[in-house]
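Open the structure in your viewer and keep the sequence panel beside it. This tour tells you what to select next and what is there.

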Amino acid sequence: MSREALQESLSAVMDNEADELELRRVLNAVDDPETRATWSRYQVARAAMHKELVLPRLDIASAVSAALADEAAPAKVSRGPWRSLGRLAVAASVTVAVLAGVRLYNQDEISGAQLAAQQPAQQGLSLPQAQGPAVLAGYSENAEQPGPMANGVLQGQTGWHDQRLPGYLRQHAQEAALKGTESALPYARAASLENR
Amino acid sequence: MRALPLIPLLLGGWLTVPALAANSSPQASDWLKRLAQAEQQQSYQGTFVYERNGSFSTHDIWHRVQDGKVSERLLQLDGSAQEVVRVDGHTQCVSGALVPGVANTPEAAARVLDPLRLMSWYDLGVAGKSRVADREAVIVTLTPRDQHRYAFELHLDRQTGLPLKSLMLDDGGRLLERFQFTRLDTRDAPSDDQLKASDICKPVAQLTAQAAQPATGWRSDWLPPGFELINSSVRKDPQSKNAVSSLMFDDGLARFSVFVEALDKGTAADIRTQLGPTVAVSRRLTTPKGEMMVTVVGEIPIGTAERIALSMRAQDAQAKK
C-alpha cells in the first residue's frame, strides 16, 4: 500500500468523507507509529485551519489504548433484555407513529373528499343539511348547513333520481327495519320517510 | 438472524391493538349488554318521538316477552297511521307501501348488539346520568374510531337497560336524529288486544331460502373497515322493468345499502344528498354491460358513501365461477 494512498485515506477519514474501504485501510494502519504521527499532524493542521487549536500533540488513541490495557476485562454485561426492550420501545413508537401518520393522512384525504363533495352541493344541486335544537351543553350547533329542506323532500331533483331515489331510500329503511338490532329506531326512520 | 430486529416491530404493531381497545370502558360495554338483553327479556309499552331535520313524529310501542317469544307492535300517532307488527324479529305485517322484493328471509332473525364487535370501531364510554321520561338514565357514548361512521349517544334506563333516548351525531357534534321516549311503562305487559294488528296492516310474505336471489354480479373494491355484507338481493323494478341489485352492509350498528341499476337513457347526473341521518350518493359507472347507476344509501358520512360508490365494480364472469 502506498504511503500517498494511506495519507489520502487518512485525510478522507478526518473529513468524514471516507468510504468503507478507506476506513478499513486507516484502521489497519493505525498501529503504525508513523501513521499515528501523520494523523496527529493532520489533526493539528485541521484544528489550526478551523481556529480551534487547543492541545497540540494529544495522542488520544494511545492514551485510550493504555487505559484499556490497565482495565480488567469487564464481565459480560447482562444488557440483553434492556437492549431488546429498548428496541421494542423504539419499534413500538415507530409503529404508533406510522399508524398515526396513516390515520392523519386518511383524514386529510377524506376531508378533501368531503370538501369536494360539499363543493357542488353548495351550487344548489342538493343541500346536505343537518340541524336541530341543542341537545346537551357541549354540542356545537354553530356550523349550520345552509338551506332548510322541507320535510326531507328531495327538492330540485329531476328525472331519473326523482323516480328512483325515494324507492331506494324506502327499500334501505325497510330492510334495515327488518334486520334491525334496535327494534324501534329503524322503524321510526322508515316511517319518517313516509311522512311527506 | 437478520429478521430478529423485525420481531419487536411486528410485536409492537400487535401490542397497539389491545391498547386501543382499552379506550372503551367496561361499564359502557356492560350497559350495552344489558340493552341487548333487555330487548329480549323486558316487556314494556310507551310513547316515543322521532326527529330528524324538519320531520318530527310520535309513535306508540307495545313490546311483550312471554315464554321467550317477543311480540311487538308499533303505531305512528300523527300523520298517516304507519303500523308494524313483529313476532320474534320477523315482520308479520306493515301498513303503507312496502318495496316489492323486501321481505323476511329465513336468516333475518334479530341481530343483537355485540359490544365486543362495536369496541373495534367505536370507543365506548359512560358520559354521566340523565333523566328521560321520568326515569333515571345512564348516558353511554359510542365515539367512532375513524371518519367512516357517526357517533351515538344512548340514554339507557338504569332500572331495565332499555334505550330511553338515542342521538346520532356527526363529526362536528351536530344532531342528525333523535329518538326519545316521553312515556315508558315497564310494569304492565301489553295485552293481546294491544298487540293485535289493525286492518291497515298488510301481511308480509315469508321468503324461503331458495326464493331469495343474492346479488352476485357486484363487488366493492373498498369498504369502510368493519362493515360486512348482511344481505343481498336482485329485484325487478315494476316501473323501469330493470333488475336492481342491492347489497346491505353493517358494522354492528350503522348500516348502508348499495343499489346498482342499468341506466336506459343515460341522462341522470351524479347526485349527493342528505336527509338527516341518511345520505344518498349516486355515481354513474361505465361497465362492459353498459352504463350503470350506483347509489349508496345509508347512515354514514357523505364522504364515505362517495368512496363506496366509486369503488363498486362489476364482477366478471370468471370470478363468479
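The stops below go through chain A, then chain B.

**Before you start**

This is a predicted model: local features need pLDDT of at least 70, side-chain atom pairs count only at pLDDT 80 or more, and totals for chains, interfaces and linings use all residues. Residues are numbered from 1 along each chain as its sequence is written, while chains are lettered from A and ligands numbered from 1 in the order in which they are written.

**Stop 1: chain A**

Select chain A. It has seven helices and zero strands. Helices (H or I, at least four residues) and strands (E, at least two) are DSSP runs, numbered from the N terminus. Along the sequence the pattern reads α-α-α-α-α-α-α. Of its 196 residues, 23% are buried. Buried means that 20 or more other C-beta atoms lie within 10 Å of the residue's own; exposed means 12 or fewer, and partly exposed is in between, with C-beta atoms placed from the backbone.

Now look at contacts. Two residues are in contact if their C-beta atoms, placed from the backbone, lie within 7 Å. Among the contacts in chain A with a separation of 6 or more, 27% join residues 24 or more positions apart.

**Stop 2: a helix pair in chain A**

Select residues 3–14 and 20–29 of chain A. These are helices α1 and α2, which pack at an angle of about 110 degrees with their axes 9 Å apart. Axes are lines fitted to C-alpha atoms, for helices over the stretch in contact, and angles run from 0 to 180 degrees between N-to-C directions.

How is α1(A) set against α2(A), roughly parallel or roughly perpendicular? The two are roughly perpendicular. Angles under 35 degrees count as roughly parallel, over 145 as roughly antiparallel, 65 to 115 as roughly perpendicular and the rest as oblique.

Show the side chains. A:Leu6, A:Ser9, A:Leu10, A:Ala12 and A:Val13 of α1(A) meet A:Glu22, A:Leu23, A:Arg25, A:Val26 and A:Ala29 of α2(A). The contact residues divide into seven nonpolar, one polar and two charged. Here Ala, Val, Leu, Ile, Met, Phe, Trp, Tyr, Cys and Pro count as nonpolar, Asp, Glu, Lys and Arg as charged, and the others, Gly among them, as polar.

**Stop 3: a covered helix in chain A**

Select residues 160–179 of chain A, helix α6. Of its 20 residues, 15 are buried. Try the distance tool on the end C-alpha atoms. They are 28 Å apart, which agrees with the 28 Å that 20 residues should span at 1.5 Å a residue. The expected span is 1.5 Å times one less than the number of residues.

**Stop 4**

Move to chain B. It holds six helices and 19 strands. Of its 321 residues, 44% count as buried.

Find the open sheet of eleven strands, with antiparallel pairing and the order β6-β7-β8-β9-β10-β1-β2-β3-β4-β5-β11. Two strands pair if DSSP finds at least two bridges between them. The edge strands are β6 (122–132) and β11 (202–203) of chain B, each pairing on one side only.

Next, select residues 26–41 of chain B. This is helix α2, which packs on the sheet and touches strands including β2, β3 and β6 of chain B. Its direction makes about 65 degrees with that of β6(B).

Zoom in on B:Val140, in strand β7 of chain B. B:Val140 is buried, with 27 other C-beta atoms within 10 Å. Beyond its neighbours within four places in sequence, its contacts include B:Ala28, B:Trp31 and B:Leu32.

**Stop 5: the six-stranded sheet**

Six strands of chain B form an open, antiparallel sheet in the order β13-β14-β15-β18-β17-β16. β13 (228–236) and β16 (271–275) of chain B stand at the edges, so one side of each is left without a neighbour in the sheet.

Select β15, residues 255–262 of chain B; seven of its eight residues are buried. Seven bridges join β14(B) to β15(B), and seven join β15(B) to β18(B). B:Val258 has B:Leu247 as one bridge partner and B:Val296 in β18(B) as another.

**Last stop: helix α5 of chain B**

Select residues 302–311 of chain B, helix α5, where eight of ten residues are buried. α5(B) packs on the six-stranded sheet, touching β15, β16, β17 (278–287) and β18 of chain B.
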